[in-house]
Amino acid sequence: MTEATEISRLKLIAKRHARATRVALREALNLIAVHLGFANWTQLVSANKSGWVPSPEQVASIEAMVANHVSPADFTTVGADASACRWEYLKQAEQGQIRGHAYRLQVALDDVIIAGEGWSITVPEDPSARATVRTSAEVDDQSPVFDPDFLEEALSLANHRMAQVRGKISTDWPRRSTKPDGKGRSRHPLWDRDSDIWFCLHCNGKITGIQIAQNLWHCPACGASPVDIFDSAFWCEDEGKSLPPIGAKAKSHTGKPEFQVVDDRPKLELNERNIVLLMRSALLDDATNVSERLGALLAEITVDEDNDVWISLEEDLWPDDKEPTQAIKVAAQLGIEIELETMWSKIPFHWPALGEQTSSTTKYLQMLLEAYAQYAAPSDSEG
Ligand SMILES: [Zn+2]
């Protein structure tokens with residue numbers, strides 16, 4: 001590699017980094033220079049003119065740094081070595097321990113979730129939304145998230161991860177989407193439109209090009225996602241001219257997460273759907289042949305508001321005098337009343353008695369096919 005190609009490689013990396021972290025290109029170039037032991041980019045360039053070139057290892061370490069989207073502020077305060085350690089740390093952070101408590105860290109639909117036994121912390125992609133801490137009712141106040149030091153460490157891990165996620169999003173978007181021009185015009189990341197004023201379909205918010213870019217195209221007032229943001233409020237008669245600017249309506253939060261207790265213990269839910277499912281399963285237990293099984297599958301089962309059950313069984317598919325004893329037992333287990341009745345409806349196949357001959361569907365179907373064959377129109381071979 002010639003000197004020139006090495007330097008243009010660094011420039012390219014700087015450009016990518018500038019886009020990902022939404023900083024000026026100059027800042028990104030300086031960041032790289034500092035990482036390579038120079039005071040700034042100008043010094044690096046003059047060193048290059050006197051014959052200095054970065055080693056392949058140095059280029060690789062710059063690439064690793066950019067991949068983790070560390071902000072220049074982090075870099076200059078903690079120094080190159082500490083940063084390198086932290087990138088290592090972040091790379092391995094998918095599972096680990098904080099103060100003796102195991103955790104998993106994952107990205108789900110661009111939200112970051114860090115979770116352990118009975119607790120989870122979600123950092124939403126929307127920069128103006130608060131992080132949420134959830135604890136299960138079972139662990140109650142035993143959860144480590146109530147220890148402020150633990151919470152701080154867990155949150156900082158999730159926030160660092162979120163910086164990477166947001167960096168990746170910014171890199172995928174046009175530069176103008178995260179860095180408005182001198183007139184405050186920003187470009188919508190999904191459709192190719194530039195404007196200095198944007199509108200939220202969700203809350204009618206009138207948002208400046210700078211506000212929306214800073215908030216990664218989520219409405220700063222209601223958190224609506226980029227698909228709800230338009231350069232004209234086409235749903236208003238005056239296209240939004242009279243809408244007040246979002247200004248102070250923008251969400252402001254202290255950065256403190258919101259706590260929620262979630263009761264996620266498994267519970268048997270006795271809703272209509274589940275009762276019908278259990279009753280039909282019991283009817284299938286009662287069925288001794290194909291005909292009755294079809295009767296169980298086609299039975300009309302209704303559940304009233306007290307969860308009591310009406311079962312209508314097809315006369316041709318369920319013998320009149322046959323008690324569905326399993327269904328009755330299941331109703332008793334559930335503590336609900338059961339009413340049985342007979343119905344007459346259009347049954348799917350002729351000769352229901354055929355289904356009483358066997359409990360095998362293949363045998364039944366064979367009999368059915370033969371029976372239908374007797375009624376088949378004379379075949380062409382005879383013609
Ligand atoms: Zn909104």
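Trainee: At what relative accessibility does Cys-203 stand, and which class does that give?
Mentor: Cys-203 has 24% relative accessibility, which counts as partly exposed. Buried means under 20% relative accessible area, exposed over 50%, and partly exposed in between, with a 1.4 Å probe and protein chains only. Please note that this is a predicted model, in which local features need pLDDT of at least 70, side-chain atom pairs count only at pLDDT 80 or more, and totals for chains, interfaces and linings use all residues. Residues are numbered from 1 along each chain as its sequence is written, and side-chain values use heavy atoms, with hydrogens and water left out.

Trainee: And Cys-200, buried or exposed?
Mentor: Cys-200 is buried, at a relative accessible area of 0%.

Trainee: Which atoms coordinate the zinc ion?
Mentor: The SG atoms of Cys-200, Cys-203, Cys-219 and Cys-222 do so, at 2.3 Å. Donors are N, O and S atoms within 2.8 Å of the metal (3.2 Å for Na, K and Ca); water is not among the atoms, so sites may look incomplete.

Trainee: How are those donor residues spaced in sequence?
Mentor: The spacing is C-x2-C-x15-C-x2-C.

Trainee: What geometry does the zinc site have?
Mentor: The site is tetrahedral, with angles of 106 to 111° among the 4 donor atoms. Four donors count as tetrahedral if all angles lie between 85 and 135 degrees. The ideal angle for four tetrahedral donors is 109.5 degrees.

Trainee: Changing topic, which residues have a positive phi without being glycine?
Mentor: Arg-99 is one of them, with phi of about 45°, and Leu-216 is another, with phi near 50°. Most residues other than glycine have a negative phi.

Trainee: Where do they sit?
Mentor: Arg-99 is in the loop between β1 (95-98) and β2 (101-108), while Leu-216 is in the loop between α8 (209-214) and β10 (229-230). Helices (H or I, at least four residues) and strands (E, at least two) are DSSP runs, numbered from the N terminus.

Trainee: How accessible is each?
Mentor: Arg-99 is partly exposed at 49% relative accessibility, whereas Leu-216 is buried at 0%.

Trainee: What about β5: which strands pair with it?
Mentor: Strand β4 (residues 119-123) pairs with β5 in the antiparallel sense over 4 bridges. Strand β11 (residues 258-262) runs parallel to β5 and is joined to it by 5 bridges. Two strands pair if DSSP finds at least two bridges between them.

Trainee: Which residues face each other there?
Mentor: Trp-119 stands opposite Thr-135 in β5, and Arg-134 stands opposite Gln-260 in β11.

Trainee: How many residues of β5 are buried?
Mentor: Strand β5 (residues 132-136) has 4 of its 5 residues buried.

Trainee: Finally, how many cavities of 30 Å³ or more are there?
Mentor: The count is 1, and the largest cavity has a volume of about 50 Å³. On a 1 Å grid over the protein atoms alone, a cavity is a set of points where a 1.4 Å probe fits but cannot get out, and lining residues have an atom within 4 Å of a point. Grid points are joined across faces, edges and corners, and the volume is the space filled by probe spheres set on the points.

Trainee: Which helix gives the most to the lining of the largest cavity?
Mentor: Helix α10 (residues 290-298) does, with 3 residues. The lining residues include Val-290, Phe-349 and Tyr-364.

How values were computed. On a 1 Å grid over the protein atoms alone, a cavity is a set of points where a 1.4 Å probe fits but cannot get out, and a pocket is an open set with protein on both sides within 12 Å along at least five of seven lines; lining residues have an atom within 4 Å of a point. Four donors count as tetrahedral if all angles lie between 85 and 135 degrees; four count as square planar and six as octahedral if opposite donors are over 155 degrees apart and all others between 65 and 115; anything else is irregular.
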